[in-house]
Amino acid sequence: MALSVSVAGAARTGSTDTDSDDTDPRRWRLLVLLAVAELLGMSLWFAASAVSAQFAARWQLTPSSLGWLTAIVQLGFVLGTGASALLNLADIVPARLLFSASALLGAVANAALLAMPSYHAVLACRLLTGFALAGVYPPAMKMISTWFRARRGLAVGTVVGALTVGKAGPYLIHAFPGMDAEPVVLSASFAATLAAALVFLFYADGPYPFPPRAFSWALIATVFRERRWRLATGGYLGHMFELYSVWTWIPTFVAMSAAASGIAPERRNSIAAFVAFCAIAIGGVGCIWGGIAADRRGREWLVTVAMAASGTCALLIGFVYGRSLSLLVPLALIWGFFVIADSAQFSVLVTESVPPHAVGTALTVQTSLGFLLTMVSIQLVPPVASAIGWRWSFAMLAFGPAVGIAAISRLRRVSLAGRS
């Protein structure tokens, strides 16, 4: 997987670097280029989820069925990263070509949603979209790492922040009055096509390339024997348990809260879409802050603070349900800021927890487990909401950060003991 190559090299070369190591004057231009490309390309992720109400009305779908519009993308992403790792695509195909081809494939699969005659055909398109996005997100991590050795936390955090804003994009389009499924879906496909063109025409590898690292199933046993890997992955899984459930269901939560507070039905969907956009997009700022903080204070400190803050928001947001938007929106924005702020740092923690020859496998398994878990956590929310109401449906998500913090605390103790 491309991400394993990039962050692995980052972990091995970045521990003693200073800002003076990054001297190429083109690095900031390439960071902007890749950030814009990720913002545009990752708009495909929630393109169908943003217009789920239209799909629900067309085929009389249940909340659980709507959840699969996002969950099936997660599965496609897992299959795509696994295929990329097994075939060593990131090492065989130049990153510029892999990114561009994948973005175009995702754009086509996404646009095909509008022609699908059934819900199951829509799911097939979403699966293919997730598969394609495996060639959009991880390769960008590799590409930006060839330009930065120092300040890598900031660089990777910026790219992750940009893709976070990109994922929120369809909700912003949908928030405008009169925007139905067609403009939302097609705008995402157009954005991904533009991302492919930008990278294909203007990207070049930087001065710090990484040697190929082949994936090997034989290394899985080696990875699982490493206690530090298990603990770092435990933190990551706690993070992922919460993250995509929030991103998937925050529009529904806001819409139900608006209904409980007496807001007119014709305004609810637009309000929910706009609040969802803001809550997801502000995570882009959170990622940049997280990268800077991790570089200065340490990754364990950053992920602990971020998970503590996001878990607290999961517990508190029910108290503002059905009340004024002036109470709900600020808390949703704080949650959106912290829930993704630590995301990029978990990969680096994992790379430091295994022998160098096992890094590729460690990250591939970590990513696969995380996205597979999101398929479960996304589907947990509707039955919980049905049983206890939407007001308290998000409280269970605090379980993820709690487990994650416990794992990272143990990881810190184990790491300190190993250095003494």
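Okay, a quick definition before we start: when I give an angle between two helices, I mean the angle between their N-to-C directions, on a scale from 0 to 180 degrees, with each axis fitted to C-alpha atoms over the stretch in contact. And keep in mind that this is a predicted model.

So, first pair. Helix H2, residues 27-41, packs with helix H11, residues 181-202, at an angle of about 155°, and the axes are 7 Å apart. Anything over 145 counts as roughly antiparallel, so that's what we call H2 and H11. The crossing of H2 past H11 is left-handed. Who's touching whom? On the H2 side the contact includes Leu30, Leu33, Leu34 and Ala37, and on the H11 side you'll find Ala188, Ala191, Ala195 and Phe202, among others. Sorted by type, the residues of this contact come out as 14 nonpolar, 1 polar and 1 charged.

H2 comes up again with helix H8. The buried residues of H8 pack against H2, and also against H3, H4, H5, H7 and H9. Which residues of H8 are buried? Among them are Tyr119, Leu123, Cys125 and Arg126. I also checked the length of H8, residues 119-133: with 15 residues at 1.5 Å each it should span 21 Å, and its end C-alpha atoms are 21 Å apart, so that agrees.

Last stop, Thr233, over in helix H13, residues 227-260. Is Thr233 buried or exposed? Its relative accessible area is 3%, so Thr233 is buried. Setting aside neighbours within four places in sequence, Thr233 contacts Val350, Gln366 and Leu369. Ala387, by comparison, sits 154 residues from Thr233 in sequence and 31 Å away in space, C-alpha to C-alpha.

Terms used
Residues numbered from 1 in each chain as written. Predicted model: local features only at pLDDT ≥ 70, side-chain atom pairs only at ≥ 80, totals over all residues. Heavy atoms only, no water. Helix = DSSP H or I, 4+ residues; strand = E, 2+ residues; numbered from the N terminus. Parallel < 35°, antiparallel > 145°, perpendicular 65-115°, else oblique. Left-handed = near helix turned anticlockwise from the far one by under 90°. Contact = heavy atoms within 4.5 Å. Nonpolar A, V, L, I, M, F, W, Y, C, P; charged D, E, K, R; others polar. Buried < 20%, exposed > 50% of the residue type's maximum accessible area, 1.4 Å probe, protein only. Expected span 1.5 Å × (residues − 1).
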